[in-house]
Amino acid sequence: MTVRSDLPPRLSAMADRGALRQILLNLLDNAVKYGPPGQTVRVGGARGEDAVRIWVDDEGPGVPEEYRRKILQPYYRLERDAESAVGGSGIGLAVVEELVQMHDGRIVVEDAPTGGARFLVELPIPATATAEWPVQQVMQQAQAEARATRDAGVVGVSPIADNKA
């Protein structure tokens, strides 16, 4: 598997650093679990007028439209995945949604341009902000943690990770 970052070098998000790290870590973990071996996972982002947009694209089977909101609910897994050897509790995406909502943002699941699923996180740009974190730096940390977890043979990443990174 390859992770390709198309994040602009100076893209930053006004969010809790630990929450942003956990969002990226869970989305990367999800892409690894449900995409094919040897896939390229793409992470991209852009700053709009009113929000920072960050997305993770995988090359897996995608998510049927009727399940795109359901998979964000705690413990919900698609039937095809619940019966497979892919590990998971169905909590990772629910944690992502909760963290995004804590920042008054939203998460959308859609088709990736190259096939598979795209998980798009939008975090609003507030008029005043106290902490702005470089997304590229936080993504690199999350990517390294996801790689270490995979290399250690651990399936899934705990959503209750140390947020002091």
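A residue is counted as buried when its relative accessible area is under 20%. By this criterion, 47% of the 165 residues of the protein are buried in the model, which is a predicted one.

The mean pLDDT of the protein is 81, and 78% of the residues reach at least 70. Among the elements, β5 has the highest confidence, with a mean of 97, whereas helix α2 (residues 79-82) has the lowest, with a mean of 59. Residues 154-165 have a pLDDT below 50, and this stretch makes 23 contacts in the model beyond near neighbours in sequence.

The secondary structure consists of 4 helices and 7 strands. Their order from the N terminus is β-β-α-β-β-α-α-β-β-β-α.

In soluble globular proteins, nonpolar side chains tend to be buried together. The largest nonpolar core of the model has 38 residues, and the members that touch the most others are Leu-20, Leu-27, Leu-28, Ile-71 and Phe-119. Two or more residues of this core come from each of α1 (17-34), β3 (40-47), β4 (51-57), α3 (92-102), β5 (106-111), β6 (117-124) and α4 (135-151). Helix α1 provides the largest share, with 8 residues. Beyond its neighbours within four places in sequence, Ile-71 contacts Val-63, Tyr-76, Leu-78, Leu-93, Val-109 and Phe-119.

Strands β5 and β6 are paired in the antiparallel sense through 6 bridges. Within this pairing, Glu-110 is placed opposite Arg-118 of β6. The hairpin formed by β5 and β6 has 5 residues between the strands, and Gly-115 in this hairpin adopts a positive phi near 100°.

Ala-46 is located in strand β3. The relative accessible area of Ala-46 is 31%. This residue is therefore classed as partly exposed, since the value falls between the 20% limit for buried residues and the 50% limit for exposed ones. Apart from neighbours within four places in sequence, Ala-46 is in contact with Leu-11, Ala-51, Val-52, Arg-53 and Trp-55. The C-alpha atom of Ala-46 is separated by 7.3 Å from that of Leu-7, a residue 39 positions away along the chain.

Definitions and conventions: Residues are numbered from 1 along each chain as its sequence is written. This is a predicted model: local features need pLDDT of at least 70, side-chain atom pairs count only at pLDDT 80 or more; totals for chains, interfaces and linings use all residues. Side-chain values use heavy atoms; hydrogens and water are left out. A nonpolar core is a set of buried Ala, Val, Leu, Ile, Met, Phe, Trp, Tyr and Cys residues joined through side-chain atoms within 4.5 Å. Buried means under 20% relative accessible area, exposed over 50%, partly exposed in between (1.4 Å probe, protein chains only). Contact means heavy atoms within 4.5 Å. Two strands pair if DSSP finds at least two bridges between them. pLDDT is the predictor's confidence in each residue, from 0 to 100.
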